[in-house]
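Here is a short note for a colleague opening this model for the first time. Please read the points with the structure in view.

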Amino acid sequence: MAMADNGRVVCKCTAARRSFFCFREVSFDDKPNRRNHLRNVSAVPVFKNGIFTRCSPSVAGNSILSMDARENPRSSILPSSRDKRIPIYVMMPVDAFCIDGSGRPRIRKIKALTVALKALKLAGVHGIAVEVWWGIVERFSPLAYDWSLYEELFKLISESGLKLHVALSFHSNVNSSSSRKGGVSLPLWIVEIGDQNKHIYYRDQNGYSNDDYLTLGVDHVPLFCGRTALQCYEDFMSNFAKKFESFIGTVIEEISVGLGPSGELRYPAHPFGDGRWKFPGIGEFQCYDKYMMDDLKMAARKEGKPQWGERGPQNAGCYNSLPSEVPFFEEGEESFLSDYGCFFLEWYSGRLLRHADDILAKAANILKKYQENKQTNILLAAKIGGIYWWYQTVSHPAELTAGYYNTALRDGYDPVASILSRHGAALHVSCLEMTDGDNPASYLCSPEGLLQQIWTVSKKRIHLIGRNTHERFDRVGLWQIHANCYHSQAEPVRSFTYFRMNDKIFRAENWNNFVPFVRKMSTNW
């Protein structure tokens with residue numbers, strides 16, 4: 001999952017300029033003396049009675065959305081990208097924008113940003129990743145789009161000789177902001193609707209709402225001045241494409257479409273901004289808004305089990321529970337392996353898959369003419385969360401609460417890959433800087449195992465785009481990113497997004513690691 005960061009635009013221009021152009025070359029030729037972290041991790045079961053054997057991954061035949069029947073990918077076999085350079089995009093600072101006294105958005109510290117962009121270009125960085133916020137552009141009223149901030153920013157980046165990865169962001173980052181005073185909210189007119197109807201947001205079993213993203217339960221409900229949530233997303237994407245048509249495929253080379261909290265396809269099962277959840281808690285199911293509950297009741301009636309539609313699992317613990325404390329995630333008659341458990345998880349994950357399918361279908365249709373034009377180069381992408389804790393258990397509880405029906409007995413990422421393949425989209429994955437040894441062994445984490453599984457399901461079907469989850473400037477962390485980007489048993493990632501630009505990256509000791517890393521990724525020396 002993507003965490004909040006505290007990056008700021010560098011403002012000490014004089015000092016920064018010295019480190020920009022007087023860095024000491026550091027070679028990456030000598031690999032760090034450490035064990036090979038690119039092994040395939042097997043699941044370690046935590047069931048109390050007996051040992052489970054990990055089954056071979058299989059396609060999840062979801063009863064709500066059959067991936068096998070509907071994949072029909074645009075390109076079933078992708079051309080090899082082996083030995084090609086991997087472009088590096090650097091994400092804009094988290095506080096790059098602010099709202100001025102008149103209520104209009106503006107770029108903060110634009111002179112310092114200009115210097116930083118020039119330095120990154122000289123270092124070999126390919127482009128800048130920019131979050132295009134729904135809450136900034138359509139801030140005050142429906143269909144009233146103000147692109148002025150992004151017109152200025154895109155022009156600045158383009159004139160610096162850099163390309164763009166645009167992340168269309170339909171979420172808020174207010175709760176994930178370190179101070180909770182900054183950040184970008186959802187559009188103010190959406191917030192007003194939410195003040196009257198809290199059920200437009202995801203809700204947990206105790207009735208707490210998460211106002212970072214609209215519940216997928218309202219995707220097809222016309223609650224937003226006559227429009228559904230899906231229509232709001234489509235209108236925003238269409239207006240973006242119309243406004244920046246001359247940039248798409250030339251300056252803008254990648255567009256990722258937000259599908260949930262932090263822009264990731266998942267439920268907000270692990271809210272890290274309000275104190276409800278702390279790592280490595282298993283999280284909670286987020287299906288208790290009235291729109292999702294109505295859908296659950298309908299699915300239960302179709303199954304012939306109306307009682308299954310009354311509520312979600314009542315034995316699934318709370319945000320900070322551990323798997324061994326929770327009956328639903330162990331073996332037993334009322335576990336995730338029961339008939340009810342399978343029904344609920346099929347429905348819960350299936351609704352998330354349908355949400356992705358609906359939005360990506362709209363996005364792919366909007367970008368179709370640019371993708372078919374041989375003179376332009378544009379890649380559609382979607383993010384998933386890197387839920388790597390408790391991965392070495394049979395039930396994978398943290399992934400289940402997030403909406404990924406992935407266990408030791410079932411492959412939950414194959415259906416995601418099928419949807420992306422059908423719409424010609426790449427998968428944006430995180431955790432590329434991580435190893436299994438980065439966390440306490442008792443948490444049964446395996447970012448390596450998760451990445452290996454994703455590499456397996458994506459093979460020859462979809463492109464992968466990489467990013468780091470945690471801020472890393474050290475040589476060991478950067479080397480791990482390089483090793484994962486050029487994995488020996490998989491195609492290299494299409495590009496890598498470095499999270500994120502701030503004053504730390506330009507400090508001499510960090511810059512002297514970052515520049516050789518960028519150059520090695522660009523040339524694969």
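1. Cys-445 is buried, at 3% relative accessibility (buried means under 20% relative accessible area, exposed over 50%, partly exposed in between; 1.4 Å probe, protein chains only). Its sulfur lies 9.8 Å from the closest cysteine sulfur, in Cys-431, too far for a bond. Cys-318 is partly exposed, at 39%. The structure holds zero disulfides (a disulfide is a pair of cysteine sulfur atoms within 2.5 Å).

2. The model is predicted: local features need pLDDT of at least 70, side-chain atom pairs count only at pLDDT 80 or more, and totals for chains, interfaces and linings use all residues. Residues are numbered from 1 along each chain as its sequence is written, and side-chain values use heavy atoms, with hydrogens and water left out.

3. Two peptide bonds deserve a look. The one from Phe-279 to Pro-280 is cis, with omega near 10°. Pro-280 sits in the loop between β9 (264–265) and α8 (290–302) (helices are DSSP runs of H or I, at least four residues; strands are runs of E, at least two; numbering starts at the N terminus). Phe-499 and Arg-500 are also joined by a cis bond, with omega about -20°. Arg-500 is in the loop between β13 (495–498) and α14 (508–523).

4. Now the backbone angle phi. Most residues other than glycine have a negative phi. Trp-390 has a positive phi of about 65°. Trp-390 is buried, with a relative accessible area of 5%, and lies in the loop between β10 (379–384) and α10 (397–402). Lys-109 has a positive phi near 50°. Lys-109 is partly exposed, at 30%.
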